[in-house]
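Subject: Structure for you to look at

Hello,

Here is the structure I promised to hand over. Please open it next to this email and follow along.

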Amino acid sequence: MIELTPRNTTPKDPYPHLLEPLRVGAITLRSRVVMGSMHTGLEERPGGFARMAVFFAERARGGVGLIVTGGIAPNEEGAVYQGAAKLTTSEEAEHHRAITAAVHAEGGHICLQILHAGRYAYNPKLVAPSALQAPINPFTPRELDAAEVEAEIETFVRCARLAQQAGYDGVEVMGSEGYFINQFIAARTNHRTDRWGGDFASRCRLPLAIVERIRAATGPDFLIIFRLSLLDLVEQGSSPEECLQLALWLEAAGVSLINTGIGWHEARIPTIATLVPRGAFAAVTAQLKGRVGVPLIATNRINTPEVAEAILAAGQADLVSMARPLLADPEFVAKAAAGRADEINTCIACNQACLDHTFAGKLTSCLVNPRACHETELQILPTTAPRTFAVVGAGPAGLAAACTLAERGHRVVLFEASARIGGQFNVAKRIPGKEEFGETLRYFQRRLERLGVEVRLNHRVSAAELQADGFASVILATGVTPRIPAIPGVDHPKVLGYLDVLLERKPVGQRVALIGAGGIGFDVADFLTHTHREAEPIAAFYAEWGIDLTFSTRGGLAPAAPQPVARQVWLLQRKPGKPGKTLGKTTGWIHRARLQQRGVQAVGGVEYLRIDDAGLHLRLADGAEQLLEVDNVVLCAGQESLRELEDQLIDLGIAVHRVGGADVAAELDAKRAIDQATRLAAQL
Ligand code: FAD
Ligand code: NAP
Ligand code: SF4
């Protein structure tokens with residue numbers, strides 16, 4: 001079934017497997033990279049199709065072999081939320097033509113993903129095989145009767161036919177992540193007693209009917225990808241034998257490719273967050289290799305050409321799916337092919353501007369690439385009036401400003417007080433599981449070099465010096481300074497700042513109280529309780545979260561074996577309620593679960609009374625006083641803007657533009673810092 005087109009490979013070719021074309025049916029994919037499905041929010045916006053056309057065309061131009069669109073519902077009740085994109089009429093299909101034409105003009109290929117959310121639909125009209133409410137949805141689905149199941153199947157077929165009419169090369173049938181089709185497959189969610197439920201073969205009748213009928217309706221050359229859940233990570237999920245059996249049946253039913261699904265949305269095991277090791281689930285796809293004839297696609301936490309190449313070279317899969325990495329860098333494949341992989345803007349798996357936005361109903365973008373999904377309005381164009389700028393501070397904001405200005409043709413001098421670029425990212429990357437943040441610094445370092453930005457490290461620049469050097473415009477990106485709260489005894493020797501801890505400047509005792517439970521408080525708690533520095537991160541990750549490393553259990557579950565805990569930690573905040581509510585929507589639960597596993601006491605509604613030799617004296621929410629007999633108290637109480645230069649520069653008649661933490665410290669994150677700096681530099 002797989003037909004490989006031989007390609008010249010030379011010793012200089014670092015990614016021979018990744019860049020190898022693949023013939024699937026009548027189509028030759030130009031590389032082994034599939035851009036995985038992502039809902040961007042453009043699908044529902046006025047003018048969104050024109051913007052999606054530009055968005056996808058950039059990725060096609062960047063060398064992606066096959067693009068899969070965000071999930072499009074085959075009917076109203078299957079939409080992920082009321083009013084979410086669907087494809088049910090010829091009129092709707094016409095809108096998609098802009099996308100398919102733009103991708104084909106770039107020599108790319110694109111499939112439309114058909115996504116029926118079933119009981120996950122945030123939609124009071126939701127339907128499912130059985131009337132069982134999902135733990136992540138307030139709505140309970142209505143059970144379909146047998147005639148309605150038939151009608152649902154026909155809507156999948158209609159959707160595929162309309163996709164073909166719109167110029168798509170194929171469809172991806174979303175059969176994993178716990179959505180509608182997966183709900184039919186698993187005993188967990190299918191309690192039916194008619195022909196659509198019962199034993200495994202009967203539960204698979206619906207996906208097989210969908211594939212068979214789409215194949216019959218669209219002809220032999222139309223691609224049909226089936227996203228098959230190979231590891232449900234929930235109780236009563238499929239067994240490995242059942243996954244293989246279904247893959248074989250799907251092949252016989254006419255699928256062209258099988259994509260891997262890992263974990264239902266209701267699973268309580270992280271599958272794509274930054275703490276998931278790179279390529280952690282490629283071995284799952286590998287279980288099917290050599291046992292089915294159609295090409296297999298590996299997924300999840302594949303974010304560099306090296307990881308992708310290793311998976312393909314090891315024969316674990318025939319293609320690799322990357323979704324977020326192509327938000328971060330549309331030129332990912334082209335850079336790898338040109339021997340410029342060190343210029344790739346790597347996805348750090350933070351979810352902050354992509355999935356967290358999707359779940360908040362906001363347009364998807366990317367923390368490290370604010371142009372993602374904003375291609376038509378955030379354009380980095382050459383300047384017609386080149387000028388010289390000083391950028392003060394080489395944190396994320398200063399780096400984004402300096403590079404964008406230089407890219408536009410301005411001359412830029414970047415001043416940094418410390419010995420390295422990166423600002424707080426140098427601290428963030430020390431948190432266990434956040435090592436990816438270092439990739440952003442490598443990317444900026446390369447970009448600075450390539451653009452010829454003059455970087456002056458170990459240089460805490462003064463206003464007078466900037467004036468003497470003749471700078472008329474300064475970008476102030478000096479960041480923040482940690483807040484010292486006014487608590488009696490805050491100058492006691494047992495009090496440490498979070499930088500003392502994370503930069504390992506001072507020793508930390510066994511019993512520690514953290515004042516402040518924002519993102520940094522949680523990170524410090526993680527850092528202080530973490531013990532393992534294992535050589536086999538994937539095995540350790542599987543053990544910690546309860547994933548069966550032998551792939552022999554139903555749903556892929558095994559008893560979790562939490563790592564030993566290094567210290568006893570209290571995580572405190574003054575706000576009432578449990579700490580952690582402000583953490584990211586799609587990652588906060590992971591941080592909370594991890595710290596709970598490690599016995600961290602998270603307490604809200606406290607008043608800090610004093611710190612002394614005995615420890616930290618508190619008043620609890622119920623008014624009772626408590627002494628925490630701790631060795632150290634670590635301040636994680638937020639930050640304040642550092643912009644001492646601003647007034648002096650203004651007095652000297654120098655134009656000042658503030659970005660990042662230097663502008664506003666409250667609720668600062670790197671997403672805002674990079675976005676603000678890029679947008680400013682695009683306009684100057
Ligand atoms: P900074 O990163 O603070 O950089 C300012 C730079 O200016 C510094 O390098 C400083 O040395 C330099 N500077 C200051 N004064 C001068 C001067 N006079 N001359 C020359 N140089 C000067 N954000 C997220 O979005 N997601 C996360 O998961 C995340 N995790 C974090 C974890 C930790 C432990 C920490 C500490 C931060 C984390 N952050 C995270 C926050 C993120 O790092 C900041 O929002 C971001 O770094 C702010 O960027 P900035 O450029 O404004 O400031
Ligand atoms: P933060 O999120 O604003 O949290 C500050 C904490 O300090 C809060 O818990 C606050 O709680 C407490 N606090 C504030 N003023 C205080 C005072 N005067 N006395 C005592 N406690 C005080 O800030 P952060 O944790 O320093 O993080 C900085 C930024 O980095 C955040 O905005 C975050 O977006 C980003 N970051 C993100 C992540 C991530 O995973 N996405 C991780 C790390 C950092 P009370 O006021 O209730 O006491
Ligand atoms: Fe990756 Fe974060 Fe960008 Fe999402 S926002 S694509 S996770 S770097």
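Which residues does Asn 369 touch, not counting residues up to four places away in sequence? The contacts are Arg 59, Leu 327, Ala 328, Pro 330 and Asn 345. Keep in mind that this is a predicted model. Asn 369 lies in the loop between helix H12 (355-359) and strand S14 (388-392). Its relative accessible area is 12%. Buried means under 20%, so Asn 369 counts as buried.

Find Leu 233 in the loop between strand S10 (223-231) and helix H7 (240-253). Leu 233 is buried, with a relative accessibility of 3%.

Next, the ligand. Where does ligand 3 sit? Look in the largest cavity. Around ligand 3 you will find Arg 324, Leu 327, Cys 347, Ile 348, Ala 349, Cys 350, Asn 351, Ala 353, Cys 354, Cys 366 and Leu 367. The shell has 9 nonpolar residues, 1 polar and 1 charged. Leu 327 is one of the residues around ligand 3, and Leu 327 is also among the contacts of Asn 369.

Now two helices. H3 covers residues 146-165, which makes 20 residues. From first C-alpha to last, H3 reaches 29 Å, close to the 28 Å expected. Its buried residues are Val 149, Glu 152, Ile 153, Thr 155, Phe 156, Val 157, Cys 159, Ala 160, Leu 162 and Ala 163. An α-helix has 3.6 residues a turn, so residues three or four places apart point the same way. What covers the buried residues of H3? The cover includes helices H2 (90-105), H4 (180-185) and H6 (205-218). Strands S6 (110-114), S7 (127-128) and S9 (170-175) are also part of it.

The buried residues of H22 are Ala 670, Ala 673, Ile 674, Ala 677, Thr 678, Leu 680, Ala 681 and Ala 682.

Thr 529 is in helix H18 (residues 519-529). Is Thr 529 buried or exposed? It counts as buried, at 0% relative accessibility. Thr 529 touches Pro 564, Val 565, Ala 566, Arg 567, Val 569, Leu 595, Arg 598 and Val 600, leaving out residues up to four places away in sequence. Take Arg 598: it is 69 residues from Thr 529 in sequence, yet the C-alpha atoms are 7.0 Å apart.

Gly 290 is exposed, with a relative accessible area of 77%. Its place is the loop between helix H8 (282-286) and strand S12 (296-298). Gly 290 and Gly 315 are 25 residues apart along the chain, and 9.3 Å separates their C-alpha atoms.

Best wishes

Terms used
Residues are numbered from 1 along each chain as its sequence is written. Chains are lettered from A and ligands numbered from 1 in the order in which they are written. This is a predicted model: local features need pLDDT of at least 70, side-chain atom pairs count only at pLDDT 80 or more; totals for chains, interfaces and linings use all residues. Side-chain values use heavy atoms; hydrogens and water are left out. A residue is near a molecule or strand if one of its heavy atoms lies within 4 Å of it. On a 1 Å grid over the protein atoms alone, a cavity is a set of points where a 1.4 Å probe fits but cannot get out, and a pocket is an open set with protein on both sides within 12 Å along at least five of seven lines; lining residues have an atom within 4 Å of a point. A molecule sits in a cavity or pocket if more than half of its atoms lie within 2 Å of its grid points. Ala, Val, Leu, Ile, Met, Phe, Trp, Tyr, Cys and Pro count as nonpolar, Asp, Glu, Lys and Arg as charged, and the others, Gly among them, as polar. Buried means under 20% relative accessible area, exposed over 50%, partly exposed in between (1.4 Å probe, protein chains only). Helices (H or I, at least four residues) and strands (E, at least two) are DSSP runs, numbered from the N terminus. Contact means heavy atoms within 4.5 Å. The expected span of a helix is 1.5 Å times one less than its number of residues.
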